[in-house]
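Please open the model in a viewer and keep the sequence at hand.

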Amino acid sequence: MTPLRICYLSDSILPGERANGVHVVNMCAALASLGNEVTLCAWPGRKNIEAEEIQDWYGVPRNFRLAWLGGAKFNLASIRSGWSLPGAPGAYDLVFGRNLFACWAAGRRGHRVIFETHTPWQHLSLLRRILLRDLFCRPGLLGVVVISKPIQKSLIEHSALAEERILIAPDAASDPPNPGPAPLQSNARRLAVGYLGQLYKGRGIEVIEALARGLPELDFHVVGGLKNAEAEWTAKTSDVDNLIFHGFVPPAQTAAFRAACDILLAPYQKSVEINSGLDTSAWMSPLKLFEYMAAGKPIICSDLPVLHEVMKHESNCLLCPPDDVSAWKNAVMKLATSPELRESLGTTARNDFELHYTWRRRAERILELSHRSNQTASSASK
């Protein structure tokens, strides 16, 4: 395919401690790695920060440009930015992104747009539904990207968008770099069980605490979380010697922690909240799982229906009922006592990642959607 000039319209504050920043920066790097000229539009996390600092923070190549969205972070500024994209008129072949207000404005202006949403229709505000309906009617809309089947289903049910115009592209991960020295302060004779991610309600930190208390012969490491949550959990578990909270680690450094673990946990509960308080358990596609798969480590994951799209019990992971601590304990011990099973699950997870869940493969699928849509439009105009 001919290289494209792509503008990515993000609503992220960069650099930041949230997963959406990891997602958009890696997508831009992946799109650029395919030979495209990419400009990422986002909000600055602090004054006078350069693109190279952002790229180094997230551990991605310095292969795309950065353009800051103007003014304070609010919807009118997004609309203004989408209407008057950075660069000369006609500077882009494709506008892509997750900032609905900016993508809607770009679509109204006549740009070719692919919009990505991680939220089902019924959980959007009335204003966002109005803008989405209008964007869906724009002749320049090439398609919509979602992260799971429930989101695709909700868009089909509540809009006039055809199924073939909605691409299901689960989240992804980067191929981890050489991790370097192990950052964990573990006894070399003890297995290290790890969790990397936020400490929001529903992420299962209570399960990890119970496992650490019930399995004192193993070390449990928790990496991530906002400062207040980390301090709260550190104080609450001060009597648990084998549970270590490492705090937030910049994305570029997290691969070393995953590599240092023998087992990785994703104990999502039946209700999983994000920072806004929204429960995403029915449609999520957690970055964490793909980063775990990329590490080639055995994974124990909650048995939630939406995660079956990626995770397969006794193939690339072990699945456990979310809140059944006894089942989680049995799964941990099953892996702890079987190096062969750890190797098998980790190898399969790594193979699945390489085949389906790299950022580059995700970018290729999105560009294929753009190419198909352009071909359909060309045929219809003849």
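Predicted model: local features only at pLDDT ≥ 70, side-chain atom pairs only at ≥ 80, totals over all residues.

The structure holds 16 salt bridges.

Select Arg362 and Glu116, whose side chains meet in a salt bridge with an N to O distance of 2.7 Å. Which elements does this pair link? Arg362 belongs to helix α13 and Glu116 to strand β5, so that the pair links distant parts of the chain, 246 residues apart. Are the two residues buried or exposed? Both Arg362 and Glu116 are buried.

**Stop two: salt bridges elsewhere**

Next, select Asp134 and Arg138. Their side chains form a salt bridge at 3.2 Å, N to O. Arg138 has a relative accessibility of 22% and therefore counts as partly exposed, since the buried class ends at under 20%.

Move on to helix α12 and select Arg350 and Glu354. Here the side chains meet in a salt bridge of 2.8 Å, N to O. The two residues both lie in this helix, four residues apart, which is about one turn of the helix. Glu354 is partly exposed, at a relative accessible area of 44%.

Now select Arg360, Arg361, Glu364 and Glu368 together. Salt bridges that share partners join these four residues into one network. In general terms, side chains of opposite charge can pair when their charged atoms come close.

**Stop three: the sheet**

Display the strands in cartoon form. How many strands form the open sheet, and in what order? Seven strands form it, arranged β3-β2-β1-β4-β5-β6-β7, with parallel pairing. At the edges are β3 (residues 65–68) and β7 (residues 166–168), each of which pairs on one side only. On average, neighbouring strands of this sheet are turned by 20° against each other, direction ignored.

Zoom in on strand β6, residues 141–146, which is joined to β7 by three bridges, the two strands running parallel. Select Val146 there: Ile168 in β7 stands opposite this residue.

Helix α1 lies across β1, β2 (37–44), β4 and β5 (113–116). The direction of the helix is at about 160° to β1.

**Stop four: aromatic pairs**

The count of aromatic pairs comes to three. One of them is formed by Tyr8 and Phe96: the ring centres are 5.1 Å apart and the planes stand at 80°, so this pair is edge-to-face. Tyr8 lies in strand β1 (residues 5–14) and Phe96 in strand β4 (residues 94–97), and the pair links parts of the chain 88 residues apart. Tyr8 is buried, with a relative accessible area of 0%. Phe96 also counts as buried, at 1% relative accessibility.

Finally, select Phe290 and Tyr357. The centres of their rings are 5.1 Å apart and the planes are at 55°, so the pair is tilted. Where do these two residues lie? Phe290 is in helix α10 (residues 287–295), whereas Tyr357 is in the loop between α12 (339–356) and α13 (359–381), so the pair ties together parts that are 67 residues apart in sequence. Both Phe290 and Tyr357 are buried.

Terms used. Residues numbered from 1 in each chain as written. Heavy atoms only, no water. Phe/Tyr/Trp six-rings, centres within 6.5 Å; stacked < 30°, edge-to-face > 60°. Buried < 20%, exposed > 50% of the residue type's maximum accessible area, 1.4 Å probe, protein only. Pairing = 2+ DSSP bridges. Axes fitted to C-alpha atoms, helices over the stretch in contact; angles between N-to-C directions. Contact = heavy atoms within 4.5 Å.
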